[in-house]
Amino acid sequence: MTESDALRPSASSPIRGDNLEGVSATTLWTLHNRGTEAKRPDGLIKDPLAAELFDAIEYDYSKFGRPSQSHALRALSFDTQARVYLATHPRTAIVALAEGLQTSFWRLGGEKSTAQFTWYSVDLPPVIELRSALLPQNERIVTLAQSALDLSWMDRVDASGGAFITAEGLLMYLQPEESLGLIEACAKRFPGGQMMFDSIPHWFSKRTLQGLKLSDRYVAPPMPFALTADEGEALTSIPGVVAAVDIPLHPGRGIWKLVNAKRLDRGFLRRTRPSMTLLQFG
C-alpha cells in the first residue's frame, strides 16, 4: 500500500460508527466481513485499506455474528467484471451506487497515475461523511451525497468513455418496483454500458421480512426484493437490457469452494442460492 492509500489523518483516533442506522449500518456488516478477511494471513482478498478502515471505526462489530467470507468473495467477483469492462473502456465512468465503505477504487488501481477512469461514489450523506473523514481523497473520485433513487446523479456522470454501474448490496433493500425501475432508468440513460448487482433468494427475503436475527443484538433490515439466478437472466425483458448473465461467486475456502460449482448449480440449489447478475445495455 502506498502512502497515498493510507487513511486520512483524521482517522488517527477511532471514529464511531453508531451514527449509521438502518440500511446504512449494513455497510459496517460488510466491512466486518471484508476487513476480517483482509487481515487473515491466508485472506482471499488483498485489501489493506479495508483492514485499516475496519480498525479505525469504533463499533460493536460482534453483533453481526461470526465473520464470513461472503462479502469478500462478492467484492472480488465485482472487481473481476469491472476489470473486464475497463480492458476495453479504460476511460469509463464507474458508478458505485450505495457504495458504503467499499474500497473497490483502490483495489482496481484508481489511485495510480496511469488510471484513466472516473469513479462516482453515490450514497446517503451520513455514509459519505464517514467516507470523507476516513478514506484518501483523489481527483478521480466524484462524491455524490444522495440516494441512488434520486436519479439526478445521472446528470453528473460523464459516460462518454463508457459506464459500468455497480449496485453491490443495494437492490435487495428496495421495493421490487424501485429496483426494476432503477435498472430500467440506467439502461435508458447509459446505452452501451453495463450494470452489475447481487440478489438474494426468495426464501432469504421472506426471513428478513419476518425479522432475521444475525445475533441476539442485531436484526437485519428487511430485504423485500429477491431474484433467483434464472430470474436475473430473464431481465432482458426490461427495455434497453440486451443481455443478462449470471456471474459466479469467486471461489473461497472450505465449503465456499463449492459455491456455484457448475455440477451442483441446478434445480433446488440454483433456485435457493444468492446470485449476481451482469447486465449489458443496448
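In this predicted model, helix α6 (residues 176–189) lies across strands β3, β6, β7, β10 and β11, and runs at about 30 degrees to β11. The strands in question belong to an open sheet of seven members with mixed pairing, arranged in the order β5-β4-β3-β6-β7-β11-β10. From one strand to the next, the twist averages 15 degrees. Helix α3 also packs on the sheet, where it touches β3, β6 (163–167), β7 and β11, and its direction makes about 170 degrees with that of β7.

Pairing within the sheet was examined strand by strand. Strand β3 runs parallel to β4 (residues 118–123), to which it is joined by five bridges; Leu 97 stands opposite Val 122 of β4. Strand β11, by contrast, takes part in antiparallel pairing with β7 (residues 194–199), over six bridges, and with β10 (residues 241–246), over five bridges.

The largest nonpolar core comprises 54 residues, of which Leu 28, Leu 53, Ile 57, Tyr 61, Phe 117 and Trp 119 touch the most other members. Two or more residues are given to this core by each of α1 (26–39), α2 (48–56), α3 (70–88), β3 (93–97), α4 (104–107), α5 (125–134) and β11 (275–281). The greatest contribution is that of α3, with eight residues. Apart from this core lies another, of 33 residues, which includes Met 154, Val 157, Leu 279 and Phe 281. Beyond its neighbours within four places in sequence, Tyr 61 is in contact with Leu 28, Leu 31, His 32, Leu 53 and Phe 54.

Two of these partners of Tyr 61, Leu 53 and Phe 54, are among the buried residues of α2, together with Leu 49, Ala 50, Ala 51 and Ala 56. The buried residues of this helix pack against β1 (15–16), α1, β2 (57–58), α4 and α5. Helix α1 also meets α3: their axes come within 7 Å and cross at roughly 85 degrees. This angle makes α1 roughly perpendicular to α3. At the crossing, Trp 29, Thr 30, Asn 33, Arg 34 and Glu 37 of α1 meet Ser 70, His 71, Ala 72, Arg 74 and Ala 75 of α3.

Two individual residues were also considered. Ala 98 is located in the loop between β3 and α4. The phi angle of Ala 98 is near 50 degrees, a positive value in a residue other than glycine. With a relative accessible area of 22%, Ala 98 is partly exposed. Thr 272 lies in helix α9 (residues 267–272), and the side chain of Thr 272 reaches the backbone oxygen of Phe 268 at 2.8 Å. When residues up to four places away in sequence are not counted, Thr 272 touches Pro 201 and Trp 203.

Note on methods
Residues are numbered from 1 along each chain as its sequence is written. This is a predicted model: local features need pLDDT of at least 70, side-chain atom pairs count only at pLDDT 80 or more; totals for chains, interfaces and linings use all residues. Side-chain values use heavy atoms; hydrogens and water are left out. A nonpolar core is a set of buried Ala, Val, Leu, Ile, Met, Phe, Trp, Tyr and Cys residues joined through side-chain atoms within 4.5 Å. Buried means under 20% relative accessible area, exposed over 50%, partly exposed in between (1.4 Å probe, protein chains only). Helices (H or I, at least four residues) and strands (E, at least two) are DSSP runs, numbered from the N terminus. Contact means heavy atoms within 4.5 Å. A polar contact is a pair of N or O atoms within 3.5 Å; within protein, one must be able to donate a hydrogen and the other to accept it, and residues adjacent in sequence count only if both atoms are side-chain atoms. Two strands pair if DSSP finds at least two bridges between them. Axes are lines fitted to C-alpha atoms, for helices over the stretch in contact, and angles run from 0 to 180 degrees between N-to-C directions. Angles under 35 degrees count as roughly parallel, over 145 as roughly antiparallel, 65 to 115 as roughly perpendicular and the rest as oblique.
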